[in-house]
Structure formats: C-alpha cells, structure tokens
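Student: I would like to learn how to read a model like this one. Please take the features in turn, with the rule before the case.

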Amino acid sequence: PGYRRAGSEVGAAAAPRYEVVVIGGGHAGTEAAAAAARGGACTLLLTHRIGTIGEMSCNPSFGGIGKGHLMREVDALDGLCGRVCDRSGVHYKVLNRCKGPAVWGLRAQIDRGLYKENMQKEILNTPLLTVREASVEDLLLTEPEPGRPGKCQVTGVVLGDGSTVRAGSVILTTGTFLRGVIHIGLETHPAGRLGDQPAIGLAHTLEKLGFAVGRLKTGTPPRLAKETIDFSGLEERAADNPPVPFSFLSEAVWIKPEDQLSCYLTRTNLKAQQIIRDNLHLNNHVRETTRGPRYCPSLESKVLRFPDREHQVWLEPEGLDSNVIYPQGMSMTLPPELQEQVIRSVPGLEKAKMLQPGYGVQYDFLDPRQLTTSLESRLVQRLFFAGQINGTTGYEEAAAQGVIAGINACLLVQGKPPFTVSRTEGYVGVLVDDLTALGTSEPYRMFTSRVEFRMALRPDNADARLTHRGALLWQLLHCPALPGCGPLSHGPCVSAGFEEAGCVSQQRYEQAVKMRAALEDGITTLKSLQFSISKWSQLLPGVPMSSSRRSPVSAFDVLQYQDVNMEILAKAIPEPLGKLAQWRELAERLKIEAAYEWCVVSQQQEMEEVRRDEALQLPDDLDYFAIDASLSAEVREKLDANRPQTIGAVSRIPGITPAAIVNLLRFVKTSHRKTEKLKAVPQSGEYFPGKMYSGKATSRRQISAECSEEETKFVKTPV
C-alpha cells in the first residue's frame, strides 16, 4: 500500500529497461553512473537538467584534510572527479605539509564553469551510459527475492510524466533535494538548491516503505563581486609550485604554476558579531532544532558557540575568468539586507557588492544504518543510496559513496558478490563502515582522525591499495602480475581481484602494476646497498648520522632521515640509484615508504586482527531479541537499531560491552557449526545419520530444531 507495484501501469511491458538506473546528477550520481557503466552495466542517469551535471552547489573547491584521501581512492577505482579537477583547477595546494605525508591533504580551488564543462564531457561520452532529463516521482516494486533480506525489491522508477523505466537496480543520489526547503531570514520556499525544485514524491514513497527518515541542514555563503573587494591589506596565500595533481593518471595539472590564482584571508570582528546577535530573531534557519554541519557551521552558529572571537574568512576565486568571490566561512541565512551589513563590517569588504545572498537548506536524509556495506538497502532489495541522502556532507564523501554504490549495483545485476572496502584498506572503507554501523545525527565529514591505520592508508599509495581490486578478471590474467604481498600491500593479495569490481580501465591497471613493480624493485635495491656508519658519513657529509646505530646500515634506512632524499642518495651512489631518482614520482614514493616502514610493520598485527573480526559475518535477518545469547536488553536494542554486518562492526557501536561482544561471538560460532551441519543434510527421503526425513518433514526450521537437539554443549572460546 502507498506505492506502485510492478506491472500495475498500462503499457508497463513496453517500458524501456536498463540494468542500472541512477537518480540524481550530482557528485554521487555522476560517479555512480560512470562506475556502473565502466563495470559493463547498461546505465541510465536521470537528472532534472543535464546542464546542471557537475554543478558545484556550494564551495568552489575539492579535497582537503581527509577529503584529499577520498579523492585519491576514488581515482584509484577509476572515478572521475580527480581527473576532472586536474583539468579544471585554478589553485592547487597540499595542506598539512608541516606534518607527515600520511595526513597531507591535497586540495584545489576549482573553476566552476570548467569543472561542469569537463564533467559533462566525461558523462555524456561514457560508453553504456545514457543521460535523460526527467524527475522521478515513485518506485516500481515487486515481491522480494527469497533468501535475501528485504520486504520487496525495486524493479524500476515512475517518472514525473507518468511513464516508467525498468531497472535491474536503482541508485538514489538525491543530495539536498529530498523534501528540501531553502531558508533566507524568515522566508522559506521548497527547493533542493537555489532555482531547483525538491523531490517530494520520492520522499513520501521512502517514508511509506518504512525507512527511518531524519532531517539535516546545511548552508552556503553569499557571493561577492571581485572588483569591489580591497585585497591590498589582506593576507595572500599563493598556490603550490609545482602543483600536485589528484589523479594517478595525471603527470601534471592543466594550468601553468605561474598562472594560478591566489586566495586571501580576512577575519570577522565584533561589529559583525553584534549585527548577528541583534538579529537572531530574524533567522529561522538558526532557530530550528535541525542539526547542521559541525565542521562547516554558519557564521551565526560560530558567533553563538564562540562569542567574542574573530572568525577566519577565506576569499576564494570561482574561476579564471569569473568575477565572483566565494567567502569561505561566511555561510549566513540572515535577511539579505543584514547579510550586506555583516559583509561590509569585515576588513577588505567595506565596499563589497553582494551578488547572491547566502541561504540555508533543510532536507530529509535516511538513517544509513538501514544499508549494508555495499550501500544496498536492507528494506528494499536492489535499491542503493549514496551521497547526502546518507547523512554526509561534502563533494568528496558523496563521490566516494557514488563509486561504491555504482560498482555494487552493477555487480548485483551481474550476479556477482558485492565489492566492499575494509577499514584496513581505505578511507572509503572507514566512511562506509562509520555510516552503516554507527549512523549519524549530524552531517558526516571525513577526517584523518577517524582512521585507525592512517600511517598505512596514505594518499600516495591509494593505487597500490585499491586499483588491483577494481580490475577485471581478464586484466589480471593477461597483464603482468602485481608483485606478491609485501610491505606495500596493506590489503588483500592479487587474488582478491578475481572476485572484484571490474570498474578499472586497462590503462590504469597497467600503470598501477608498473608503479608497484618499480617500488618493489627500488626498495630491494636500496636495502641491498649496505655500508657502515663511517662510510655513510663520508658519502653524505652534510647529513648527521647517529653513531649508535648498528652497522651495516642500508640506503633504505638512510632514506628515513629527514634531510635525505633520493636525489641526494643518487649523487652519492650514482649507480644504481641514478635511474630511481630520475623518476620524480617514484623517488617521492620511495622516500615516503622509507619514512613509514616501521609504522606500517608495527600496525600489521592490529590490521590482521581487524580483518579477522570483519570476516565473522552476522546474518542479515538475525533477530537480536530472540537469539539464545547472554545479552542485556539494552545491548539487544542497540544491535537491532544498528544491524551490524560483522563482529568488527559490533565492536564499534557505542555502549556495546566487551562481554557482549564475546557472547555474540560464541553465538556466531555456534550458529556457524549448525549451518555446516545443515549443509550436510541430504535431499528429502534420503538417509541422514540417526534420522529419516520424509518429504513433509524437511523444512529448514524443523531440521534446525533437530540439529539443536543434537548440538553438544559448547566450550568457551578464548577471544
């Protein structure tokens, strides 16, 4: 009731059919559609307007601390945003340079127009991908597939004009459009983005299906006219020279270093704060109880939370030929005339002209604990979710989810196992695990601090960790094999690729193979060059050597010194290190591998323990209130609300005690033994040791009950 059943529409049999249908052309939707098409699925991308594909609705930038890692991992799986950013940026900067490479944050200011143009070229020229302008009002549903969780399965979508499209799987990437409402001062009007209508029909359908729906909010600052800003007294922040690309396929970015644009820093003052305090009664968005982003709050929220402080405002260019400046840190939802007063109270902006007022958006999101780690819904089979609909904020988080959802929607229609990334393999894995195991009550943002094994999960080695997992079977059979699992692996061996995504091009796979082999050979060469400390002191007189170190010391050990790089080593030992130093990217990665070797080796045991926990799967349909395990009512409620898929996910749920994990682990092992016994049950009428089963007495429930009678008392298993 409340939604359309498949086959109920006139002419449904003649409806067009696609293997994967993606709803929404934002950052999650474009990555999902492209990933599904790369995997070989005939894919349809539905969007309100083709002209808004690649639209950067808020900030004109990609990357940052934690987010840059996601960009690299999306690229390692052949995603689009990294390559497009390398062809569209106007200011490239690596953040966190004062710390180690493991937490460097690749970031770029992007030309909005160029990014949209380049993304549309990618999407509109992707084989197997069709793009169509249409709104989606409803889902086509039918009975669920037996043996899989879910009350029904999706078989297509109903468009705004009443026509239908059949689908093998559907991905929802509605962003802020799900019952979206824009706030400016006390005025509100329905919209998912300024000038675009919200998705109302879909929101009603999802609610009727029983999805737990929440409400979140976000905002965007006013836009300013560049020629009306006085930059002379502001702090200038120049771009990096040379700029570092996002994509492993890019040797360099499109723009010359000297042509990059600068950003400028200014700060709010007490006058701006007073204007905001005096007019809070005119700001409906701030007064609402809906949770907003903690790490990108509105200026009003910052004034309330941190009174009498100056707040940074970054003036960021929106393009090479654009007259628009984006004031990062000035997100506001006051009435427009008051926004202008706040702007003109800030140094450098005294005469600034506001081109567009800031505004807030409130929108529906679905509790991501209702998803599996493949991002498929537990309630509706073959229905996937990605992006802000799952409670995240940011282009990069959306893109990462889009790639995972697109890969898995494609694999599902092909009858293949899902593709998941563990917390030990990537930031993408941490993102998905956090969402599906813990959920979120506020817009989720990725940080390096969320990642346990960040020394191993670095931006520089995302290709070594993930590209081979995205390769097709025939690529793994016909291309040179990756070297065996060594210090560079940080994940499963090459055999994992035989059951994986199939979304990575041959070019990317071969490049990853080449780099991986070069790294292995380079490390072997460096470790083979061993001299005494006194000899190294002669070879590298400018480098202070510790006399307490044991001799001999390898060149790889020496490379760990802060003042040593491959260029210095190659000058001291031209043969055989000269060739290694000539390949700049290889030389940089060898330096990083040397710096982190001891950290990665020490973390290997911890990573293996996490992998073992992740391997202990929990049944999707497990009734935590009925299982025979020593668990408190509170623990059962938490498990039922979070629906963890593995013992590892259970351990990350707040409030779950170590004793409860042990008891659940015992239950899982006991259930596993019962399952193995069930697999040994012959067909009806055949002999089973000690029993004879008739055709009427072979239900799994009956056999399970009889197996339980035979189950011996289990012995406590040490954990």
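**Reading the model**

Tutor: Start with burial: buried means under 20% relative accessible area, exposed over 50%, and partly exposed in between, with a 1.4 Å probe and protein chains only. In strand β8 (residues 136–142), 5 of the 7 residues are buried, so the strand is largely enclosed by the rest of the structure. Helices (H or I, at least four residues) and strands (E, at least two) are DSSP runs, numbered from the N terminus. This is a predicted model, in which local features need pLDDT of at least 70 and side-chain atom pairs count only at pLDDT 80 or more, while totals for chains, interfaces and linings use all residues. Residues are numbered from 1 along each chain as its sequence is written, and side-chain values use heavy atoms, with hydrogens and water left out.

Student: Which strand pairs with β8, and in what sense?

Tutor: Strands of a sheet pair through backbone hydrogen bonds, either parallel or antiparallel. Two strands count as paired if DSSP finds at least two bridges between them. Here β8 pairs with strand β9 (residues 152–159) in the antiparallel sense, over 6 bridges. Within β9, Gly156 stands opposite Leu140.

Student: What is the strand order in the open sheet of 6 strands?

Tutor: The order is β15-β16-β17-β18-β14-β19, with antiparallel pairing. The edges are β15 (235–237) and β19 (354–356); each has a single partner strand, so one side of each is left without a neighbour in the sheet. From one strand to the next the twist averages 35°, taking axes as lines fitted to C-alpha atoms (for helices over the stretch in contact) and angles from 0 to 180 degrees between N-to-C directions.

Student: How many residues are in the largest nonpolar core?

Tutor: A nonpolar core is a set of buried Ala, Val, Leu, Ile, Met, Phe, Trp, Tyr and Cys residues joined through side-chain atoms within 4.5 Å. The largest one has 114 residues, and Val21, Phe62, Val157 and Leu383 have the most contacts inside it. Helix α10 (residues 395–413) supplies the largest share, 12 residues. The core draws at least three residues from each of domain 1 (18–217 + 363–448) and domain 2 (223–360), with bounds that come from an automatic or database domain assignment.

Student: What does Leu383 touch?

Tutor: Contact means heavy atoms within 4.5 Å. Leaving out residues up to four places away in sequence, Leu383 touches Leu139, Val154, Val170, Leu172, Leu206, Phe211, Leu375, Glu376 and Ser377. Apart from that core lies another, of 28 residues, including Leu540 and Leu590.

Student: How many disulfides are there?

Tutor: A disulfide is a pair of cysteine sulfur atoms within 2.5 Å. By this rule the count is 0. The sulfur of Cys410 has its closest cysteine sulfur in Cys503, 8.7 Å away, too far for a bond. Cys410 is buried, at 1% relative accessibility.

Student: Where is Gln560 placed?

Tutor: Gln560 is in the loop between α16 (555–558) and α17 (566–572), and is partly exposed at 29% relative accessible area. Its C-alpha atom is separated by 4.8 Å from that of Ala595, 35 residues apart along the chain.
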